[in-house]
Amino acid sequence: MEFGLMKDIVDYSVQKYKRKIEFRLSTNGTLLSKQVLQYLKKHEIYFVLSIDGNEAQHDSMRRYANSHGSYRAIVERLDDVLAFNLYTVAVSVVVPETAVHLASGVKCLFEKGFRYVLQTLDYSARWDRKHIKTLKKQYKILSVFYYERMSKGEKIYYSPFDERIKTWAQKPYGKGDLCDLANTQIAIAASGRIYPCVQFIGTDDNEYQNNSIGSVFSGFDQQKRMYFVVQNYVEKESCTGCALNGRCATYCGCVNWRATGCLNKIPPIICEHERMLMSIVDKLANKLWGDNNQLFKRKFYERTYPVSSYIEDCLIKRGVQDVAD
Amino acid sequence: MLRIKKVKKYTVAQYPQGIYRVKPDSPAQALWKGSVSSAVMLAILESCDGVGTTGPPPVLPEMVTENEARNVIERVFDNNDIDLQEDVDYLFRYGINDSTQLDLDGYNDSLNVGYEYIAGADSGTFTPEVINALDSAQSDSGPYVKTVDEFERSPDFETYLENLIQEFIDTLKVQGII
(Lines give C-alpha, C1' and ligand atoms only; values in the text may rest on other atoms or scores of the structure.)
Protein backbone atom coordinates (compact mmCIF):
# COMPACT_ATOMS: atom_id res chain seq x y z
CA MET A 1 0.00 0.00 0.00
CA GLU A 2 1.51 3.27 -1.15
CA PHE A 3 -0.19 5.25 1.58
CA GLY A 4 1.74 8.43 0.83
CA LEU A 5 0.79 8.29 -2.84
CA MET A 6 -2.80 7.54 -1.94
CA LYS A 7 -2.95 10.63 0.27
CA ASP A 8 -1.43 12.76 -2.50
CA ILE A 9 -4.09 11.58 -4.95
CA VAL A 10 -6.94 12.19 -2.53
CA ASP A 11 -5.61 15.62 -1.55
CA TYR A 12 -5.24 16.57 -5.20
CA SER A 13 -8.76 15.47 -6.09
CA VAL A 14 -10.30 17.25 -3.08
CA GLN A 15 -8.41 20.40 -3.92
CA LYS A 16 -9.39 20.32 -7.58
CA TYR A 17 -12.84 18.70 -7.57
CA LYS A 18 -14.00 19.29 -3.99
CA ARG A 19 -15.64 16.03 -2.94
CA LYS A 20 -17.09 15.02 -6.28
CA ILE A 21 -14.80 12.01 -6.62
CA GLU A 22 -15.29 8.94 -4.47
CA PHE A 23 -12.52 6.45 -3.80
CA ARG A 24 -12.72 2.74 -3.12
CA LEU A 25 -9.95 0.34 -2.27
CA SER A 26 -9.13 -3.32 -2.50
CA THR A 27 -6.54 -4.43 0.04
CA ASN A 28 -5.09 -7.46 1.72
CA GLY A 29 -5.25 -5.50 4.97
CA THR A 30 -1.76 -6.22 6.18
CA LEU A 31 -0.87 -2.52 6.38
CA LEU A 32 -4.16 -1.24 7.72
CA SER A 33 -2.88 0.49 10.83
CA LYS A 34 -5.16 2.57 13.05
CA GLN A 35 -3.68 5.68 11.46
CA VAL A 36 -4.53 4.46 7.96
CA LEU A 37 -8.04 3.46 9.04
CA GLN A 38 -8.62 6.89 10.56
CA TYR A 39 -7.57 8.53 7.33
CA LEU A 40 -9.83 6.25 5.29
CA LYS A 41 -12.74 6.96 7.61
CA LYS A 42 -12.20 10.72 7.44
CA HIS A 43 -12.29 10.62 3.64
CA GLU A 44 -15.03 7.96 3.46
CA ILE A 45 -12.85 5.59 1.52
CA TYR A 46 -14.36 2.15 1.87
CA PHE A 47 -12.49 -0.99 0.98
CA VAL A 48 -12.93 -4.70 0.38
CA LEU A 49 -10.60 -7.02 2.20
CA SER A 50 -8.92 -9.96 0.50
CA ILE A 51 -9.14 -12.80 2.97
CA ASP A 52 -9.78 -16.28 1.67
CA GLY A 53 -11.27 -18.03 4.68
CA ASN A 54 -9.51 -19.87 7.45
CA GLU A 55 -5.79 -19.81 8.15
CA ALA A 56 -4.88 -22.96 6.24
CA GLN A 57 -6.83 -21.86 3.19
CA HIS A 58 -5.56 -18.29 3.19
CA ASP A 59 -1.93 -18.98 3.96
CA SER A 60 -1.59 -21.66 1.32
CA MET A 61 -2.07 -19.00 -1.35
CA ARG A 62 -1.38 -15.58 0.16
CA ARG A 63 2.13 -15.33 1.49
CA TYR A 64 4.77 -12.72 2.13
CA ALA A 65 8.04 -12.78 0.21
CA ASN A 66 9.50 -14.78 3.10
CA SER A 67 6.82 -17.47 2.40
CA HIS A 68 5.01 -16.86 5.68
CA GLY A 69 1.24 -16.55 5.39
CA SER A 70 -0.43 -13.18 5.93
CA TYR A 71 -3.54 -14.47 7.69
CA ARG A 72 -2.60 -13.62 11.27
CA ALA A 73 -1.56 -10.11 10.35
CA ILE A 74 -5.03 -9.50 8.92
CA VAL A 75 -6.96 -11.18 11.70
CA GLU A 76 -5.18 -8.99 14.26
CA ARG A 77 -6.70 -5.97 12.55
CA LEU A 78 -10.21 -7.34 12.06
CA ASP A 79 -11.77 -5.69 15.11
CA ASP A 80 -10.56 -2.30 13.91
CA VAL A 81 -11.65 -3.02 10.34
CA LEU A 82 -15.17 -4.02 11.34
CA ALA A 83 -15.40 -1.08 13.73
CA PHE A 84 -14.47 1.14 10.77
CA ASN A 85 -17.21 -0.41 8.68
CA LEU A 86 -19.44 -3.21 9.91
CA TYR A 87 -20.31 -4.00 6.31
CA THR A 88 -16.75 -4.52 5.10
CA VAL A 89 -16.78 -7.13 2.35
CA ALA A 90 -14.46 -10.12 2.63
CA VAL A 91 -13.25 -11.22 -0.80
CA SER A 92 -12.31 -14.86 -1.07
CA VAL A 93 -10.80 -16.60 -4.09
CA VAL A 94 -10.93 -20.38 -4.33
CA VAL A 95 -8.36 -22.37 -6.27
CA PRO A 96 -8.33 -26.15 -6.76
CA GLU A 97 -5.87 -26.60 -3.89
CA THR A 98 -8.14 -24.77 -1.43
CA ALA A 99 -11.51 -26.15 -2.59
CA VAL A 100 -11.54 -28.57 0.31
CA HIS A 101 -11.49 -25.64 2.77
CA LEU A 102 -14.34 -23.76 1.13
CA ALA A 103 -17.08 -24.47 3.68
CA SER A 104 -14.97 -24.19 6.82
CA GLY A 105 -13.34 -21.06 5.42
CA VAL A 106 -16.60 -19.27 4.73
CA LYS A 107 -18.00 -20.27 8.12
CA CYS A 108 -14.85 -18.91 9.70
CA LEU A 109 -15.30 -15.54 7.99
CA PHE A 110 -18.86 -15.19 9.22
CA GLU A 111 -17.81 -16.28 12.69
CA LYS A 112 -15.15 -13.60 12.70
CA GLY A 113 -17.85 -10.99 12.22
CA PHE A 114 -18.05 -10.45 8.47
CA ARG A 115 -21.56 -10.16 7.16
CA TYR A 116 -20.64 -9.96 3.50
CA VAL A 117 -18.54 -12.62 1.84
CA LEU A 118 -17.86 -12.28 -1.85
CA GLN A 119 -16.37 -15.45 -3.23
CA THR A 120 -15.25 -16.53 -6.65
CA LEU A 121 -13.25 -19.31 -8.22
CA ASP A 122 -10.00 -18.67 -9.98
CA TYR A 123 -11.38 -19.72 -13.34
CA SER A 124 -7.98 -19.67 -14.97
CA ALA A 125 -6.70 -22.43 -12.66
CA ARG A 126 -6.59 -26.11 -13.64
CA TRP A 127 -9.90 -27.51 -12.46
CA ASP A 128 -11.05 -31.08 -13.05
CA ARG A 129 -14.05 -33.25 -12.23
CA LYS A 130 -12.63 -34.31 -8.88
CA HIS A 131 -12.57 -30.66 -7.82
CA ILE A 132 -16.15 -30.14 -8.95
CA LYS A 133 -17.16 -33.02 -6.72
CA THR A 134 -15.30 -31.47 -3.81
CA LEU A 135 -16.91 -28.09 -4.43
CA LYS A 136 -20.34 -29.70 -4.58
CA LYS A 137 -19.88 -31.25 -1.15
CA GLN A 138 -18.58 -27.98 0.24
CA TYR A 139 -21.47 -25.93 -1.13
CA LYS A 140 -23.94 -28.44 0.28
CA ILE A 141 -22.41 -28.04 3.72
CA LEU A 142 -22.62 -24.28 3.32
CA SER A 143 -26.23 -24.41 2.21
CA VAL A 144 -27.10 -26.02 5.56
CA PHE A 145 -25.10 -23.31 7.36
CA TYR A 146 -26.77 -20.53 5.36
CA TYR A 147 -30.19 -22.05 6.02
CA GLU A 148 -29.53 -22.19 9.77
CA ARG A 149 -28.29 -18.61 9.88
CA MET A 150 -31.24 -17.34 7.86
CA SER A 151 -33.63 -19.32 10.06
CA LYS A 152 -32.18 -17.51 13.08
CA GLY A 153 -32.81 -14.20 11.32
CA GLU A 154 -29.10 -13.45 10.91
CA LYS A 155 -28.34 -11.19 7.99
CA ILE A 156 -25.56 -12.71 5.98
CA TYR A 157 -24.58 -12.27 2.37
CA TYR A 158 -22.72 -15.00 0.55
CA SER A 159 -22.32 -14.06 -3.10
CA PRO A 160 -22.40 -17.55 -4.68
CA PHE A 161 -25.83 -18.08 -3.12
CA ASP A 162 -27.29 -14.59 -2.93
CA GLU A 163 -26.43 -13.53 -6.46
CA ARG A 164 -27.89 -16.67 -8.01
CA ILE A 165 -31.10 -16.41 -6.00
CA LYS A 166 -31.43 -12.82 -7.18
CA THR A 167 -31.26 -13.89 -10.83
CA TRP A 168 -34.39 -15.95 -10.25
CA ALA A 169 -36.30 -14.00 -7.60
CA GLN A 170 -35.57 -10.59 -9.08
CA LYS A 171 -34.27 -10.56 -12.62
CA PRO A 172 -31.76 -12.41 -14.76
CA TYR A 173 -28.48 -10.81 -15.69
CA GLY A 174 -28.74 -8.43 -18.60
CA LYS A 175 -25.98 -7.15 -20.82
CA GLY A 176 -23.48 -5.25 -18.75
CA ASP A 177 -24.98 -6.21 -15.37
CA LEU A 178 -22.21 -8.55 -14.38
CA CYS A 179 -19.40 -7.08 -16.40
CA ASP A 180 -19.40 -3.93 -18.47
CA LEU A 181 -15.78 -3.70 -19.47
CA ALA A 182 -14.59 -0.76 -21.56
CA ASN A 183 -17.97 0.85 -21.07
CA THR A 184 -19.08 1.79 -17.57
CA GLN A 185 -15.92 0.30 -16.09
CA ILE A 186 -12.33 0.88 -17.08
CA ALA A 187 -8.92 0.42 -15.51
CA ILE A 188 -5.95 2.75 -15.65
CA ALA A 189 -2.39 1.49 -15.37
CA ALA A 190 0.33 3.42 -13.56
CA SER A 191 1.62 4.42 -16.99
CA GLY A 192 -1.64 6.23 -17.74
CA ARG A 193 -2.81 3.68 -20.30
CA ILE A 194 -6.51 2.88 -20.13
CA TYR A 195 -7.61 -0.75 -20.22
CA PRO A 196 -11.07 -2.36 -20.50
CA CYS A 197 -10.72 -3.91 -17.05
CA VAL A 198 -8.00 -4.49 -14.47
CA GLN A 199 -7.62 -8.07 -15.73
CA PHE A 200 -6.17 -6.73 -18.99
CA ILE A 201 -3.38 -4.64 -17.51
CA GLY A 202 -1.08 -7.52 -16.71
CA THR A 203 2.44 -6.20 -16.74
CA ASP A 204 1.40 -3.25 -18.95
CA ASP A 205 4.23 -4.12 -21.35
CA ASN A 206 4.19 -4.59 -25.13
CA GLU A 207 2.16 -7.77 -25.03
CA TYR A 208 -0.57 -6.25 -22.86
CA GLN A 209 -0.57 -2.84 -24.50
CA ASN A 210 -2.51 -4.32 -27.43
CA ASN A 211 -5.47 -4.36 -25.09
CA SER A 212 -5.17 -0.72 -24.19
CA ILE A 213 -8.16 1.40 -25.20
CA GLY A 214 -6.50 4.77 -24.80
CA SER A 215 -4.52 6.88 -22.42
CA VAL A 216 -5.32 9.52 -19.84
CA PHE A 217 -3.10 11.86 -21.84
CA SER A 218 -4.76 11.39 -25.23
CA GLY A 219 -8.22 10.08 -24.40
CA PHE A 220 -10.04 6.98 -25.58
CA ASP A 221 -9.36 5.10 -28.77
CA GLN A 222 -13.08 4.79 -29.49
CA GLN A 223 -12.72 2.14 -32.17
CA LYS A 224 -10.81 -0.16 -29.86
CA ARG A 225 -13.07 0.61 -26.95
CA MET A 226 -16.16 -0.27 -28.97
CA TYR A 227 -14.56 -3.48 -30.13
CA PHE A 228 -14.34 -4.65 -26.51
CA VAL A 229 -17.85 -3.45 -25.67
CA VAL A 230 -19.38 -5.24 -28.65
CA GLN A 231 -17.42 -8.44 -28.12
CA ASN A 232 -18.47 -8.52 -24.50
CA TYR A 233 -22.13 -8.11 -25.43
CA VAL A 234 -22.16 -10.72 -28.20
CA GLU A 235 -24.48 -13.64 -27.46
CA LYS A 236 -22.36 -16.65 -26.63
CA GLU A 237 -23.06 -19.47 -29.02
CA SER A 238 -22.27 -22.06 -26.37
CA CYS A 239 -25.03 -20.63 -24.15
CA THR A 240 -27.83 -19.93 -26.63
CA GLY A 241 -30.92 -21.85 -25.62
CA CYS A 242 -29.51 -22.95 -22.26
CA ALA A 243 -32.11 -22.90 -19.49
CA LEU A 244 -29.61 -21.23 -17.16
CA ASN A 245 -28.86 -18.42 -19.59
CA GLY A 246 -29.09 -15.15 -17.67
CA ARG A 247 -28.59 -16.83 -14.32
CA CYS A 248 -24.98 -17.89 -14.44
CA ALA A 249 -21.69 -16.03 -14.41
CA THR A 250 -20.76 -16.57 -18.04
CA TYR A 251 -21.27 -12.89 -18.72
CA CYS A 252 -17.97 -11.70 -17.40
CA GLY A 253 -15.88 -11.01 -20.48
CA CYS A 254 -12.77 -10.38 -18.36
CA VAL A 255 -12.95 -13.83 -16.80
CA ASN A 256 -13.57 -15.42 -20.19
CA TRP A 257 -10.66 -13.55 -21.70
CA ARG A 258 -8.31 -14.50 -18.90
CA ALA A 259 -9.27 -18.18 -19.03
CA THR A 260 -9.72 -18.72 -22.77
CA GLY A 261 -8.10 -15.72 -24.42
CA CYS A 262 -11.46 -14.77 -25.94
CA LEU A 263 -14.07 -12.39 -24.52
CA ASN A 264 -17.08 -14.40 -25.57
CA LYS A 265 -15.75 -17.92 -25.17
CA ILE A 266 -16.44 -19.34 -21.75
CA PRO A 267 -14.14 -21.80 -20.01
CA PRO A 268 -15.74 -25.20 -19.22
CA ILE A 269 -15.17 -24.69 -15.49
CA ILE A 270 -17.72 -21.87 -15.45
CA CYS A 271 -20.38 -24.03 -17.07
CA GLU A 272 -19.69 -27.06 -14.86
CA HIS A 273 -19.58 -24.91 -11.73
CA GLU A 274 -22.79 -23.07 -12.53
CA ARG A 275 -24.72 -26.23 -13.39
CA MET A 276 -23.61 -27.82 -10.15
CA LEU A 277 -24.12 -24.80 -7.94
CA MET A 278 -27.44 -23.56 -9.32
CA SER A 279 -29.48 -26.53 -8.14
CA ILE A 280 -27.92 -26.44 -4.66
CA VAL A 281 -28.77 -22.76 -4.37
CA ASP A 282 -32.29 -23.17 -5.69
CA LYS A 283 -33.04 -26.04 -3.35
CA LEU A 284 -31.88 -23.87 -0.47
CA ALA A 285 -34.09 -21.03 -1.66
CA ASN A 286 -37.05 -23.39 -2.12
CA LYS A 287 -36.64 -24.49 1.46
CA LEU A 288 -36.44 -20.97 2.86
CA TRP A 289 -39.44 -19.92 0.81
CA GLY A 290 -41.34 -23.05 1.89
CA ASP A 291 -40.56 -22.19 5.53
CA ASN A 292 -42.06 -18.76 4.99
CA ASN A 293 -38.72 -17.32 6.15
CA GLN A 294 -39.38 -13.61 6.59
CA LEU A 295 -35.77 -12.56 6.20
CA PHE A 296 -35.55 -14.45 2.89
CA LYS A 297 -38.72 -12.73 1.67
CA ARG A 298 -37.52 -9.30 2.70
CA LYS A 299 -34.05 -9.80 1.30
CA PHE A 300 -35.02 -11.03 -2.14
CA TYR A 301 -38.47 -9.61 -2.75
CA GLU A 302 -38.58 -6.20 -1.09
CA ARG A 303 -37.02 -3.37 -3.04
CA THR A 304 -36.61 -1.34 0.11
CA TYR A 305 -34.70 -4.08 1.95
CA PRO A 306 -31.22 -2.48 1.80
CA VAL A 307 -32.54 0.71 3.35
CA SER A 308 -34.91 -0.88 5.84
CA SER A 309 -32.24 -3.34 6.90
CA TYR A 310 -29.71 -0.55 7.43
CA ILE A 311 -32.14 1.46 9.53
CA GLU A 312 -32.93 -1.66 11.51
CA ASP A 313 -29.22 -2.27 12.14
CA CYS A 314 -28.73 1.32 13.28
CA LEU A 315 -31.63 1.04 15.71
CA ILE A 316 -30.31 -2.23 17.09
CA LYS A 317 -26.83 -0.74 17.43
CA ARG A 318 -28.22 2.30 19.23
CA GLY A 319 -30.27 0.03 21.50
CA VAL A 320 -27.20 -1.98 22.39
CA GLN A 321 -25.23 1.20 23.09
CA ASP A 322 -28.04 2.58 25.26
CA VAL A 323 -28.06 -0.61 27.29
CA ALA A 324 -24.27 -0.44 27.63
CA ASP A 325 -24.46 3.19 28.73
CA MET B 1 -12.71 -33.61 -18.49
CA LEU B 2 -14.85 -30.59 -17.85
CA ARG B 3 -17.22 -29.53 -20.59
CA ILE B 4 -19.69 -26.91 -21.64
CA LYS B 5 -23.20 -28.25 -21.85
CA LYS B 6 -26.51 -26.54 -22.37
CA VAL B 7 -29.24 -27.29 -19.85
CA LYS B 8 -32.37 -28.07 -21.80
CA LYS B 9 -34.89 -28.10 -19.00
CA TYR B 10 -34.51 -26.70 -15.52
CA THR B 11 -37.24 -27.12 -12.94
CA VAL B 12 -35.46 -26.99 -9.60
CA ALA B 13 -36.31 -23.40 -8.67
CA GLN B 14 -39.80 -23.42 -7.19
CA TYR B 15 -39.78 -20.10 -5.35
CA PRO B 16 -41.51 -17.15 -7.01
CA GLN B 17 -39.99 -15.12 -9.79
CA GLY B 18 -40.25 -11.38 -9.88
CA ILE B 19 -40.88 -8.99 -7.04
CA TYR B 20 -43.28 -10.77 -4.76
CA ARG B 21 -45.88 -8.91 -2.83
CA VAL B 22 -49.26 -9.76 -1.43
CA LYS B 23 -51.81 -8.18 -3.70
CA PRO B 24 -54.19 -5.92 -1.80
CA ASP B 25 -57.87 -6.68 -2.22
CA SER B 26 -59.66 -4.74 -4.89
CA PRO B 27 -62.26 -2.27 -3.56
CA ALA B 28 -65.05 -4.67 -4.60
CA GLN B 29 -63.41 -7.58 -2.77
CA ALA B 30 -62.83 -5.46 0.30
CA LEU B 31 -66.44 -4.35 0.29
CA TRP B 32 -67.65 -7.90 -0.15
CA LYS B 33 -65.46 -9.20 2.64
CA GLY B 34 -66.60 -6.51 4.98
CA SER B 35 -70.25 -6.62 4.14
CA VAL B 36 -73.07 -8.02 6.20
CA SER B 37 -73.95 -10.45 3.45
CA SER B 38 -70.53 -12.08 3.62
CA ALA B 39 -70.91 -12.46 7.36
CA VAL B 40 -74.25 -14.18 6.80
CA MET B 41 -72.76 -16.46 4.14
CA LEU B 42 -69.83 -17.36 6.38
CA ALA B 43 -72.19 -18.11 9.25
CA ILE B 44 -74.21 -20.41 7.04
CA LEU B 45 -71.14 -22.21 5.71
CA GLU B 46 -69.61 -22.54 9.16
CA SER B 47 -72.82 -24.08 10.45
CA CYS B 48 -72.67 -26.82 7.80
CA ASP B 49 -71.34 -30.22 8.77
CA GLY B 50 -69.31 -30.51 5.59
CA VAL B 51 -71.33 -33.24 3.92
CA GLY B 52 -73.95 -33.43 1.21
CA THR B 53 -74.55 -30.62 -1.21
CA THR B 54 -73.15 -27.98 1.13
CA GLY B 55 -69.91 -29.88 1.75
CA PRO B 56 -66.55 -28.69 0.45
CA PRO B 57 -65.57 -29.54 -3.10
CA PRO B 58 -63.51 -32.70 -3.58
CA VAL B 59 -59.81 -32.07 -3.13
CA LEU B 60 -57.20 -33.72 -5.31
CA PRO B 61 -54.73 -35.85 -3.38
CA GLU B 62 -51.55 -33.99 -2.54
CA MET B 63 -48.68 -35.47 -4.51
CA VAL B 64 -45.00 -35.54 -3.71
CA THR B 65 -43.52 -32.74 -5.80
CA GLU B 66 -40.65 -33.29 -8.20
CA ASN B 67 -38.45 -31.15 -6.04
CA GLU B 68 -39.17 -33.14 -2.89
CA ALA B 69 -38.61 -36.42 -4.69
CA ARG B 70 -35.34 -35.22 -6.21
CA ASN B 71 -34.04 -34.15 -2.81
CA VAL B 72 -34.66 -37.58 -1.32
CA ILE B 73 -33.40 -39.55 -4.30
CA GLU B 74 -30.23 -37.51 -4.69
CA ARG B 75 -29.52 -37.92 -1.00
CA VAL B 76 -29.63 -41.70 -1.37
CA PHE B 77 -27.33 -41.62 -4.42
CA ASP B 78 -25.01 -39.27 -2.55
CA ASN B 79 -24.90 -41.60 0.45
CA ASN B 80 -23.81 -44.33 -1.91
CA ASP B 81 -21.08 -42.08 -3.34
CA ILE B 82 -22.76 -41.90 -6.72
CA ASP B 83 -22.42 -38.47 -8.24
CA LEU B 84 -25.30 -37.49 -10.51
CA GLN B 85 -25.58 -34.70 -12.98
CA GLU B 86 -28.97 -33.06 -12.99
CA ASP B 87 -31.30 -32.60 -15.96
CA VAL B 88 -29.34 -34.62 -18.45
CA ASP B 89 -30.34 -35.08 -22.09
CA TYR B 90 -30.18 -38.74 -22.97
CA LEU B 91 -30.88 -40.39 -26.30
CA PHE B 92 -32.46 -43.73 -25.39
CA ARG B 93 -32.39 -46.38 -28.13
CA TYR B 94 -34.69 -49.32 -27.71
CA GLY B 95 -36.37 -51.96 -29.82
CA ILE B 96 -34.90 -52.45 -33.27
CA ASN B 97 -35.10 -48.95 -34.63
CA ASP B 98 -36.78 -46.94 -31.90
CA SER B 99 -35.22 -44.09 -29.98
CA THR B 100 -36.42 -41.21 -27.89
CA GLN B 101 -34.80 -38.16 -26.37
CA LEU B 102 -35.17 -38.27 -22.60
CA ASP B 103 -34.49 -35.55 -20.11
CA LEU B 104 -33.38 -37.45 -17.02
CA ASP B 105 -33.63 -35.86 -13.57
CA GLY B 106 -30.29 -37.39 -12.64
CA TYR B 107 -27.69 -39.41 -14.50
CA ASN B 108 -24.14 -40.62 -14.07
CA ASP B 109 -22.47 -40.83 -17.43
CA SER B 110 -19.67 -43.20 -16.50
CA LEU B 111 -21.88 -45.67 -14.60
CA ASN B 112 -24.77 -45.38 -17.05
CA VAL B 113 -27.05 -45.05 -14.02
CA GLY B 114 -29.80 -42.53 -13.41
CA TYR B 115 -33.35 -41.85 -12.35
CA GLU B 116 -36.50 -40.03 -13.33
CA TYR B 117 -39.38 -38.96 -11.13
CA ILE B 118 -42.28 -38.83 -13.55
CA ALA B 119 -44.37 -35.82 -12.68
CA GLY B 120 -46.37 -33.33 -14.72
CA ALA B 121 -45.22 -32.99 -18.31
CA ASP B 122 -42.72 -35.87 -17.92
CA SER B 123 -45.48 -38.36 -18.72
CA GLY B 124 -45.46 -37.04 -22.29
CA THR B 125 -41.95 -38.48 -22.79
CA PHE B 126 -42.01 -41.32 -20.30
CA THR B 127 -44.80 -43.27 -21.92
CA PRO B 128 -45.61 -46.81 -20.69
CA GLU B 129 -43.70 -48.11 -23.72
CA VAL B 130 -40.56 -46.16 -22.80
CA ILE B 131 -40.81 -47.12 -19.12
CA ASN B 132 -41.12 -50.81 -20.05
CA ALA B 133 -38.13 -50.49 -22.35
CA LEU B 134 -36.11 -48.81 -19.58
CA ASP B 135 -37.08 -51.57 -17.14
CA SER B 136 -36.02 -54.24 -19.67
CA ALA B 137 -32.70 -52.47 -20.27
CA GLN B 138 -31.84 -52.89 -16.59
CA SER B 139 -31.54 -56.65 -16.98
CA ASP B 140 -29.58 -56.16 -20.18
CA SER B 141 -26.74 -53.76 -20.93
CA GLY B 142 -28.39 -50.60 -19.63
CA PRO B 143 -29.03 -47.79 -19.24
CA TYR B 144 -29.91 -48.43 -15.62
CA VAL B 145 -32.54 -45.81 -15.05
CA LYS B 146 -34.99 -46.03 -12.18
CA THR B 147 -38.33 -44.50 -13.01
CA VAL B 148 -40.67 -43.52 -10.19
CA ASP B 149 -44.24 -42.55 -10.89
CA GLU B 150 -45.57 -39.49 -9.12
CA PHE B 151 -47.20 -40.67 -5.92
CA GLU B 152 -49.39 -39.40 -3.15
CA ARG B 153 -47.80 -37.73 -0.16
CA SER B 154 -47.91 -39.66 3.09
CA PRO B 155 -46.14 -38.94 6.39
CA ASP B 156 -43.47 -41.53 5.60
CA PHE B 157 -43.05 -40.82 1.89
CA GLU B 158 -39.35 -40.05 2.33
CA THR B 159 -38.63 -43.43 3.89
CA TYR B 160 -40.61 -45.16 1.17
CA LEU B 161 -38.68 -43.38 -1.54
CA GLU B 162 -35.32 -43.91 0.17
CA ASN B 163 -35.96 -47.66 0.42
CA LEU B 164 -37.07 -47.82 -3.20
CA ILE B 165 -33.90 -46.15 -4.48
CA GLN B 166 -31.60 -47.99 -2.09
CA GLU B 167 -33.10 -51.26 -3.29
CA PHE B 168 -32.40 -50.20 -6.89
CA ILE B 169 -28.78 -49.33 -6.04
CA ASP B 170 -28.29 -52.55 -4.09
CA THR B 171 -29.51 -54.55 -7.08
CA LEU B 172 -27.03 -52.78 -9.34
CA LYS B 173 -24.29 -53.51 -6.82
CA VAL B 174 -25.18 -57.18 -6.81
CA GLN B 175 -25.16 -57.17 -10.60
CA GLY B 176 -21.66 -55.66 -10.48
CA ILE B 177 -22.73 -52.55 -12.37
CA ILE B 178 -21.73 -50.21 -9.55
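Let's start with one pair: A:Leu49 sits across from A:Ala90, a residue of β3(A). Strands here are DSSP runs of E, at least two residues, and helices are runs of H or I, at least four, both numbered from the N terminus.

Before going on, the ground rules. This is a predicted model: local features need pLDDT of at least 70, side-chain atom pairs count only at pLDDT 80 or more, and totals for chains, interfaces and linings use all residues. Residues are numbered from 1 along each chain as its sequence is written, while chains are lettered from A and ligands numbered from 1 in the order in which they are written.

Back to the strands. In chain A, β2 (residues 46-50) and β3 (residues 89-94) run parallel and are joined by three bridges. Two strands pair if DSSP finds at least two bridges between them. The whole sheet is open, with five strands in the order β1-β2-β3-β4-β5 of chain A and parallel pairing. β1 (24-27) and β5 (157-158) of chain A are at the edges with a single partner strand each, so one side of each has no neighbour in the sheet.

Next, a helix pair. Helix α7 (residues 129-151) and helix α12 (residues 268-290) of chain A pack at about 20°, with axes 10 Å apart. Axes are lines fitted to C-alpha atoms, for helices over the stretch in contact, and angles run from 0 to 180 degrees between N-to-C directions. That makes α7(A) roughly parallel to α12(A); the label applies to angles under 35 degrees.

Which residues of α7(A) meet α12(A)? Among them are A:Ile132, A:Leu135, A:Tyr139 and A:Met150. On the α12(A) side, the list includes A:Met276, A:Ile280 and A:Leu284. Contact means C-beta atoms, placed from the backbone, within 7 Å.

Now the partner chain. 27 residues of chain A contact 21 residues of chain B. On the chain A side, α7, α8 (159-169), α12 and α13 (294-301) each supply at least two residues. α12(A) gives the largest share, 11 residues.

Last stop: helix α11 (residues 253-260) of chain A. Is α11 mostly covered or mostly open? Mostly covered: six of its eight residues are buried. Buried means 20 or more other C-beta atoms within 10 Å of the residue's own, with C-beta atoms placed from the backbone. A:Cys254, A:Val255 and A:Trp257 are among the buried ones. The buried residues of α11(A) pack against α10 (222-233) of chain A. After α11(A) comes A:Gly261, with a positive phi near 80°.

Technical notes
Angles under 35 degrees count as roughly parallel, over 145 as roughly antiparallel, 65 to 115 as roughly perpendicular and the rest as oblique. Two residues are in contact if their C-beta atoms, placed from the backbone, lie within 7 Å. A residue is buried if 20 or more other C-beta atoms lie within 10 Å of its own, exposed if 12 or fewer, and partly exposed in between; C-beta atoms are placed from the backbone.
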